[in-house]
Amino acid sequence: MGTGAIAGFSTAARQVKPEDLRNALGGVDAAQRARMAAALQSLDAQASAASGGSAGAVDTGDGGAGGAEITGDDELAFELNQQELLFQKCMRARMEREAKLKLQRQQKKEADEKKRRDALENAFDGELDKLLQFFSDGFPIETADGYGTTLLSEAAAGGAEDCIAMLLGNGANVNKRGRNMRTPLWRAANAGHSGAVQMLLRAGGDPRTPDEIGAKPYHVANGVEVKTLLECWDVSITEKLVTTMAANQKKIEREKKAKEKKQKEEMQDALEQTQRKTQIARTEVARIQKMVVSYRQQKVSLAETGEVEKMKELEPLLENAEAELATAKKVHQELEWQVRRAKLKVRDFENKLRRLARKAGEEVSLIDQVIWLKDLSDVVVRDVGGKRREDGRWPMVFDPSGKSVTFFSYSGAAQFDADLLSTLMASDQKEEQRRLLLALLKHLKYGGVLAISLGDDFAKLAQVEDAFNFIEKGLFNTLLDRSVLFSYLLPRRFLNLVPADLQNEYSELMFDDEMLGKFVLTFVLVGEEPEKEVMEKEGHQFYTIKVNDPDAKAEEDDGEA
């Protein structure tokens with residue numbers, strides 16, 4: 001049969017009405033029908049090949065005679081092209097995001113700098129209301145320009161007595177030197193503002209302090225009244241004022257430390273009280289548990305002996321005991337959460353004191369724990385000693401050797417790097433987009449480790465934040481917020497994260513406290529810890545761990561030798 005006839009017969013067979021076909025085949029047995037079906041399939045295949053309609057061909061528009069077959073190489077080239085386009089798209093998205101963040105930081109920096117310049121001008125011009133608004137935005141009293149010239153110095157130079165009074169009342173340093181080593185008193189005297197000079201002298205301004213060329217306020221004073229004030233001023237009064245200010249400052253420091261100590265003691269007392277309640281609740285749970293076990297054993301014994309009446313009498317007792325046990329467990333669990341939250345408050349307060357001490361110029365270590373590489377599993381994963389759990393923050397590992405990343409790769413942890421997370425977010429594939437979510441749910445369910453590598457750039461933490469917030473708005477800050485961390489890790493809180501098609505795999509009962517307690521979210525930076533300013537601003541969110549590599553240390557010692 002020719003190819004045209006084959007195609008025509010196959011088409012005609014397909015156009016037969018179903019009822020006509022059933023009537024025609026009514027008297028044909030099953031074997032014959034099977035042979036006829038096979039023959040029709042063979043004709044279809046021949047007709048398809050003749051018309052150029054095979055799955056591996058593309059119609060070029062000339063009736064199929066000139067179809068071009070897609071080979072495996074073509075498919076591979078097409079797939080590679082798609083991957084390249086996806087990669088370029090991800091890189092563009094990443095660069096745009098980084099450029100946007102950089103622009104935002106630059107804009108904020110410029111805006112803050114403008115506010116500082118405006119505040120200095122407002123202090124000079126005596127704009128008290130604008131200056132108060134500036135402080136309400138969180139700027140310090142000792143705000144200064146690049147030369148160290150403070151707001152008080154500008155107010156003194158402008159003779160703005162209201163601003164001077166406000167600044168002095170809020171603790172501004174009356175003898176702080178600025179540009180050309182000039183004090184506020186020096187500038188007020190040079191500008192001829194007698195009222196400002198008098199206010200500064202009474203506040204402890206030292207008329208003996210010269211500028212960088214040795215000129216004292218009296219030498220540069222303008223106006224008879226100003227010269228008279230400086231000439232007649234008794235410097236012994238200045239010395240007494242300076243001594244009094246120093247004593248007052250020490251008194252303020254003592255009162256501050258006493259207040260901090262009292263606050264810490266109150267937090268510790270609250271923690272100890274909650275721990276005692278928790279111990280009582282734990283004992284009560286054990287008592288009721290023992291009673292429930294006893295009732296159940298009695299029920300089994302009665303069932304074996306066939307004492308139905310006694311079983312009926314025992315059942316309400318067992319039901320009441322089980323209800324009491326459920327209530328006692330809930331109370332115990334809530335108290336345990338309270339203990340953990342109380343510990344977090346104590347830890348946060350201690351961190352706050354450390355940051356304040358650092359700002360005051362004291363050398364305070366910003367690393368919570370320094371370990372050897374071999375101890376990484378004990379400290380981060382198993383938390384031997386309970387320091388990390390007691391602290392309550394997720395660990396941030398600083399490892400110049402980069403071996404921590406290798407460790408997590410082989411430890412069974414789900415590992416992502418910041419760039420991969422950005423790529424997954426930009427993917428068009430649904431499964432790719434939710435890889436982080438599925439890893440998070442899985443390791444919460446089974447108590448595993450989710451490790452995020454920042455490479456050698458701490459700034460990539462912003463990319464990680466975007467990836468978590470892509471799952472749910474605000475999720476990253478929710479996980480890092482130590483005040484709600486443990487309450488968030490309750491089973492019911494994860495239900496809204498579970499995709500609809502995975503409800504059967506991740507139900508509320510599948511998240512239990514023991515596994516959630518073993519879950520670890522850790523971050524790794526391949527390098528030294530960032531600068532102190534960055535650590536104070538962003539590093540305080542994490543339990544910081546510095547990893548020392550003995551091999552690297554040995555190489556360093558050999559190099560020095």
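Analyst: Arg-393 counts as buried, because its relative accessibility is 4% and buried means under 20% relative accessible area, exposed over 50% and partly exposed in between (1.4 Å probe, protein chains only). This is a predicted model: local features need pLDDT of at least 70, side-chain atom pairs count only at pLDDT 80 or more, and totals for chains, interfaces and linings use all residues. Residues are numbered from 1 along each chain as its sequence is written, and side-chain values use heavy atoms, with hydrogens and water left out.

User: Where is Arg-393 found?

Analyst: Helices (H or I, at least four residues) and strands (E, at least two) are DSSP runs, numbered from the N terminus. By that numbering, Arg-393 is found in the loop between helix 15 (387–391) and strand 4 (395–398).

User: Which backbone oxygen lies 2.8 Å from a polar atom of the side chain of Arg-393?

Analyst: A polar contact is a pair of N or O atoms within 3.5 Å; within protein, one must be able to donate a hydrogen and the other to accept it, and residues adjacent in sequence count only if both atoms are side-chain atoms. The Arg-393 side chain reaches the backbone oxygen of Phe-542 at 2.9 Å. At 2.8 Å from a polar atom of that side chain lies the backbone oxygen of His-540.

User: How many aromatic pairs does the count come to?

Analyst: Rings of Phe, Tyr and Trp (its six-membered ring) pair if their centres lie within 6.5 Å; planes under 30 degrees apart count as stacked, over 60 as edge-to-face and the rest as tilted. By this rule the count of aromatic pairs is seven.

User: Is the pair of Phe-134 and Phe-139 stacked or edge-to-face?

Analyst: Phe-134 and Phe-139 are both buried. Their ring centres are 4.3 Å apart, and with 10 degrees between the planes the pair is stacked.

User: How many residues apart are Trp-394 and Phe-519, the pair that links distant parts of the chain?

Analyst: Trp-394 and Phe-519 pair edge-to-face, at 5.6 Å centre to centre and 85 degrees between the planes. Trp-394 is buried at 5% relative accessible area, and Phe-519 is buried at 2%. Trp-394 is in the loop between helix 15 and strand 4, Phe-519 in the loop between helix 23 (513–518) and strand 7 (520–525), and the separation is 125 residues.

User: Which ring does the charged end of Lys-445 sit over?

Analyst: A charge sits over a ring if NZ of Lys or CZ of Arg is within 6 Å of the ring centre and within 35 degrees of the ring normal. Lys-227 has its charged end over the ring of Tyr-218, 5.3 Å from the centre. For Lys-445 the distance is 5.0 Å, and the ring is that of Tyr-506.

User: Is Cys-232 buried or exposed?

Analyst: The disulfide count, taking cysteine sulfur atoms within 2.5 Å as a pair, comes to zero. Cys-163 is buried at 1% relative accessibility. Cys-232 has 59% relative accessibility, so Cys-232 counts as exposed.

User: Which residues is Phe-124 in contact with, leaving aside its neighbours within four places in sequence?

Analyst: Phe-124 is found in helix 4 (residues 72–125), and at 36% relative accessibility it counts as partly exposed. Contact means heavy atoms within 4.5 Å. With those neighbours left aside, Phe-124 is in contact with Glu-154, Ala-155, Ala-157, Gly-158 and Ala-160.
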